[in-house]
Amino acid sequence: MGQLCGRCMQLLWDFVAFVQRMCSDLVHSIKECLTLISQCCCLKQNSYKARQLYKPILQPHERVTAQEFLQHIETGFEMSPLGKDTLEALRTLSFSENPGLQQSAALYYLHMSQHMNVPLPVEHLEPFYALLRSADLEVQQMSSLSLVNFLLEGNIDKDLVVQMGLLEPILDLLESEDPTVQCNSCACTMTLAVSESNREAIGAARGVTPLLSLANSYDPRVQQNAVGAILNLTQSEKIQQVLCKEGALPVLALLLESPDSEVQYYSCAALSNVAANAQHHEAMLRPGNKFLLRTLISLLSSSTDKVSSQACVCLRNLATSADIQAEMVAEDVLPKLCSLLASGSKDVRRASIALLWILSQHPHNQDTLACTELLQSLGMLLSAHKTDPVIVGHTACIIKNLSLSKNRQRIIESPCVQGLFQTMISTDIEEESLHYVTSCLAELAKQEGATLHMVQWIDEPLTKCLVRLAGQLEHTESAFQAASIIQHMIGHEKMMLLLKHHIREAEACLKNFLTHQDIRFQQLGISTFCRLQEDPEFSLAFRKSQMAKLLEQVRLQTEETQELLRAAICHKDS
């Protein structure tokens, strides 16, 4: 074989040098790439896989601690399960690099959380930090589950958990690939988010993003706990902003169609909390997109009471404008609400009547709502639940609102009037509810021809109740409205005959009204006196009681007031 010439030899050396430089750069780039990958958080939970060939050595002090801990469990478990010696042993085991020792500590805490309902001393939160950070999957599963148990039983202060630095490892576990760890860490986050300060901390630690990701999990346990955590976070207006920015609204809206009723409830309740803040309405109800509104209305027919109830709450929070209310009515919400009024659940009845009350406030909805089906339902609701203040108050307000529509005659002829009268004579009715009922009846009595239908329900107990209420001036508005009902119905012979059984009480009411400082009461007292005086029996009773003298005093006061007013007006003009 021939020898290379000098030129070829130089080319060969240059090639070797070039390859060496290239290899050096390549090795450097590979090292740099591997370093960056190793520092990424995605490998935190699975770093133990890269150390499969490394078998942790059991340190001498760990061996002694493990033996002493085992002996302690066998002999003294009943004496001091969370004492000082136990704490020291658990601390040593938890911070060990040996997975077996960490598993022992995690199993001990799990046993304690499941079988002993005792508060966990704050010192024991320190070992949890090491256990939650463990590279061993079983340790993560057991320690996160025991922490959930302690939190749910109220055996750990929720704020202390965050103050002791456990929030970061809990949120890190949300990114685990193991469904059990995900489920437990979501449950921890959900429980911690009950506290306002913890909600702020979770938001600041960027815990919202992984929760939204897990809300789409195929594991129903993980999904439930993730959406439950989001629900608790929505109780903070500040975190609501973060959630909306991170794209929570479309996620929650889609979850309303989940086959899991618990997920439906959590997502609906979360949307209700967000909808309570009007600034989010534009994002929730974008023009042309009726998906959320239609889905919520469809949930009114849910077989799960708390879902249909929460759908009512969410719709009520959204119904702040006339346009949104009109859309709800156009989407045929009324038949579904009528059905809910007959529900066996108190919460469902209350939520549906509250939504109807909101819808009845807008004039454009009143004619549609004043249908026979709804009026029948309202009358039956009053008769069946006359002692429920929420039902009574809202129903009376709805009837009063609807009486302002052109279909008021339909209301007067409906069972609503009977229901209102029956509610008024109930002995258990609250003062505020009574005010709404008397105010509604007084408004109906003003309508032309209304008293002809109303008087058919008047009987002795009802007359006695009206007279009694009119005399209770400590309840100003209820007294005035009761007297107004009487005044409008005096023209009917039946009412006059019933009042004759209460002449003395009626006289006392008139005296109180005529001497009342409020001019409304004086005017109502005078007009009622004039109508009653047309009856011979009342006229005779008034003469005996010197009612004319009281009227003269009112006249003199009125003339004096008129003189003062004339003087004031003349002075102003001059």
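Predicted model: local features only at pLDDT ≥ 70, side-chain atom pairs only at ≥ 80, totals over all residues.
Rolling a probe the size of a water molecule over the atoms shows where empty space is left. In this model, 1 cavity of 30 Å³ or more is found. The volume of the largest cavity is about 150 Å³. It is lined by 14 residues, and Ile486, Ala506, Cys509, Leu510 and Thr528 are the closest to its centre. Two or more lining residues come from each of helix 29 (460-471), helix 30 (476-489), helix 32 (503-514) and helix 33 (519-532). The lining is made up of 12 nonpolar and 2 polar residues, with no charged ones.

Next come the aromatic rings. A pair of aromatic rings is described by the distance of the centres and the angle of the planes. The whole structure has 7 aromatic pairs. In one of them, the ring centres of Tyr109 and Phe128 are 4.7 Å apart and the planes are at 35°, so the pair is tilted. Tyr109 belongs to helix 4 (residues 99-115) and Phe128 to helix 5 (residues 125-132), so this pair ties together parts 19 residues apart in sequence. Tyr109 and Phe128 are buried. Ring pairs also bring in Phe150, giving a cluster of Tyr109, Phe128 and Phe150.

Another pair, Phe538 and Phe542, has ring centres 6.0 Å apart and planes at 45°, so it too is tilted. Phe538 and Phe542 are 4 residues apart in helix 34 (residues 536-544), which means about one helical turn separates them. Both residues are buried.

Charged side chains also meet rings. Lys306 lies over the face of Tyr265, 4.8 Å from the ring centre. The charged end of Arg520 is placed over the ring of Phe480, at 4.4 Å from its centre.

Key
Residues numbered from 1 in each chain as written. Heavy atoms only, no water. 1 Å grid on protein atoms, 1.4 Å probe; cavity = no way out; pocket = protein on both sides within 12 Å on 5 of 7 lines; lining within 4 Å. Points joined across faces, edges and corners; volume = space filled by probe spheres on them. Nonpolar A, V, L, I, M, F, W, Y, C, P; charged D, E, K, R; others polar. Phe/Tyr/Trp six-rings, centres within 6.5 Å; stacked < 30°, edge-to-face > 60°. Buried < 20%, exposed > 50% of the residue type's maximum accessible area, 1.4 Å probe, protein only. Lys NZ or Arg CZ within 6 Å of the ring centre and 35° of its normal.
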